[in-house]
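Okay, hi everyone, thanks for making time. I've got one model to walk you through, so let me put it up and then we'll go from the overall fold down to single residues.

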Amino acid sequence: MSYEETIKDIEKTFGTVPGFMKETPKDVLPQMWPLFKRYQIGESVIPQKYREMMMLAAAAAAKCPYCQTYHKEVSKMWGASNEELNELAAVVAMTAFWSNVLHTQNYDYNTFVNELKQMGEYMTKNKDK
């Protein structure tokens, strides 16, 4: 797709061409738009609501207010409830908490992997008890 065709497709999709896309280099936008269109607003293997919630979690970890706003609103557009988004916030915070604990302890990675394997085997064996 040429730059001009890309601009027309963006306008057809959104009703406008956002300024940040207009300012993206002309050789980059035609490469990035198909990926954006498919994985940000289109269908893929991961259902849209869950894909957006994953991107919201990544945006929170990156501390990007643009991405956080975008992905939160699009998550809602695809049906995410406030309850789901609040739980997502807690899960993201929990991940950061334990990551910080492990890094601060400089916990041995191989020990961690072995313990995780043991825990997984135990939980799988006892999940119906």
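Let's start with the contacts: of those in the protein with a separation of 6 or more, 39% are between residues 24 or more positions apart. Contact here means heavy atoms within 4.5 Å.

Quick housekeeping. This is a predicted model, so local features need pLDDT of at least 70 and side-chain atom pairs count only at pLDDT 80 or more, while totals for chains, interfaces and linings use all residues. Residues are numbered from 1 along each chain as its sequence is written, and side-chain values use heavy atoms, with hydrogens and water left out.

So, the overall picture. We have seven helices and zero strands, running α-α-α-α-α-α-α from the N terminus. Those are DSSP runs numbered from the N terminus, H or I with at least four residues for helices, E with at least two for strands. The C-alpha atoms fill a box of roughly 60 × 30 × 25 Å along the principal axes. The radius of gyration is 20 Å, whereas a compact globule of 129 residues would be near 14 Å. That radius is taken over C-alpha atoms, and the globule rule is 2.2 Å times the number of residues to the power 0.38. As for burial, 23% of the 129 residues count as buried. Buried is under 20% relative accessible area, exposed is over 50%, partly exposed is in between, with a 1.4 Å probe and protein chains only.

Now, the pocket. Rolling a probe the size of a water molecule over the atoms shows where empty space is left. The largest pocket comes out at about 240 Å³. Grid points are joined across faces, edges and corners, and the volume is the space filled by probe spheres set on the points.

Who lines it? Phe 14, Pro 18, Phe 20, Phe 36, Gln 40, Tyr 66, Cys 67, Tyr 70 and His 71. Helix H5, residues 65-77, gives the most, with four residues. By class that lining is seven nonpolar, two polar and no charged. The nonpolar set is Ala, Val, Leu, Ile, Met, Phe, Trp, Tyr, Cys and Pro, the charged set is Asp, Glu, Lys and Arg, and the others, Gly among them, are polar.

Leaving aside neighbours within four places in sequence, His 71 contacts Gln 40, Glu 52, Met 55, Leu 56 and Ala 59.

On to the aromatics. How many aromatic pairs does a search of the whole structure find? Six. Rings of Phe, Tyr and Trp (its six-membered ring) pair if their centres lie within 6.5 Å; planes under 30 degrees apart are stacked, over 60 edge-to-face, the rest tilted. Take Trp 33 and Phe 36: the centres are 5.7 Å apart and the planes at 20°, so that pair is stacked. Both sit in helix H3, three residues apart, about one turn. Trp 33 is buried at 1%, and Phe 36 is buried at 18%. Together with Phe 14 and Tyr 70, they form one aromatic cluster.

Next, the loop between H3 and H4, where we find Ile 41. Ile 41 is partly exposed, at 21%. Beyond four places in sequence, its contacts include Phe 14, Trp 33, Phe 36 and Tyr 70. Glu 43 lies in that loop too, and at 59% it counts as exposed. Glu 43 touches Arg 38, Gln 48 and Arg 51, not counting residues up to four places away.

Last thing, backbone. Most residues other than glycine have a negative phi. Lys 63, though not a glycine, has a positive phi of about 60°; it lies in the loop between H4 and H5 and is exposed at 65%. Asn 106 also isn't a glycine, and its phi is positive, about 50°. Asn 106 is in the loop between helix H6 (82-105) and helix H7 (109-125), exposed at 67%. That's my tour, thanks!

Technical notes:
On a 1 Å grid over the protein atoms alone, a cavity is a set of points where a 1.4 Å probe fits but cannot get out, and a pocket is an open set with protein on both sides within 12 Å along at least five of seven lines; lining residues have an atom within 4 Å of a point.
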